[in-house]
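Welcome! Please have a look at the structure first, and then we will go through it topic by topic.

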Amino acid sequence: MCEISVIIPVYKAEATLRRCVNSLLAQTYHNFEIILVDDGSPDKSGDICNQYACIDNRVRVIHKDNGGVSSARQIGINVAKGKYIIHADSDDWVDPNMLEELYIRMQLTQADLVICDYILELPGKSKYIKQAPSHLDPNTLFRQCLRGEIQAMLWNKLIRKSCYNDVCFPIDIDFGEDLFVLGNMLRFGTIKKIDYVQFAFYHYNKTGEYSITNTITPKILNAQIFLT
């Protein structure tokens, strides 16, 4: 039984997928699985996924019809065997000690969620992005995510798998699915204890100008994830 499941949606990722998976297979911590969800990719991404599954038994591959990143992540969660879950994007990469450091902190504090900083990778430069909540409680983190002070992205957050039991990725919104999922976990008390590691392990690859947006769309508003 593995401790950590790393879920990676894959779509048109043949140029970057190997870098992402190789960085995970190079982890100093070994008791994890990688779930590659091929979301009907029209390029050679599916073949690359199969190649990794053949060379390392920690890699599992799911091939599905194209349904978007939310459906891919949800399928990954549904089949995950780990006690803890973290997500990754196929064009990003991680430092070799990421899983070990997050797992150690999770065990020491018995937290439901452990957050770390990340590196924003821009053309020709890297930028350190601090993600420390002002207070380590669910309500504060939720409000800081809504205000854009903390990114709601799930790739720099190791989360206890049981926290996903009562929330699913929405398939009817095209932006903010991470905020929807994390927001509901925080709002409804699924995540009770939070910890933070003051180090950046994850490299978020932005090929263009830094444009992470925190705009809340009408569809997210209709999803009613906000505190009232």
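Which residues does Lys 12 touch, not counting those up to four places away in sequence? They are Ser 41, Pro 42, Asp 43 and Ser 45. Please keep in mind that this is a predicted model.

**Around Lys 12**
- You will find Lys 12 in the loop that runs between strand S1 (4-10) and helix H1 (17-25).
- Lys 12 counts as exposed because its relative accessible area is 55%, and the cut-off for exposed is over 50%.
- Trp 93 is 81 residues apart from Lys 12 along the chain, and 16 Å separates their C-alpha atoms.

**The nonpolar cores**
- The largest nonpolar core contains 41 residues, and Ile 4, Val 6, Ile 8, Ile 34, Leu 36 and Leu 102 have the most contacts inside it.
- At least two residues of this core come from each of several elements, among them S1, H1, strand S2 (32-39) and helix H4 (98-109).
- Beyond its neighbours within four places in sequence, Val 6 is in contact with residues including Leu 24, Phe 32, Ile 86 and Leu 99.
- There is also a second, separate core of 30 residues, which includes Ile 7, Phe 142, Phe 169 and Leu 186.

**Helix H5**
- Helix H5 spans residues 138-146, and its buried residues are Pro 138, Thr 140, Leu 141, Phe 142, Gln 144 and Cys 145.
- Strand S6 (113-122), helix H6 (177-187) and strand S9 (194-205) are among the elements that cover these buried residues.
- The N-terminal end of H5 is capped by Asp 137, with a side-chain oxygen 3.2 Å from the backbone nitrogen of Asn 139.

Technical notes. Residues numbered from 1 in each chain as written. Predicted model: local features only at pLDDT ≥ 70, side-chain atom pairs only at ≥ 80, totals over all residues. Heavy atoms only, no water. Buried < 20%, exposed > 50% of the residue type's maximum accessible area, 1.4 Å probe, protein only. Helix = DSSP H or I, 4+ residues; strand = E, 2+ residues; numbered from the N terminus. Contact = heavy atoms within 4.5 Å. Polar contact = N/O pair within 3.5 Å; in protein donor to acceptor, adjacent residues only side chain to side chain. Core = buried A, V, L, I, M, F, W, Y, C linked by side-chain atoms within 4.5 Å.
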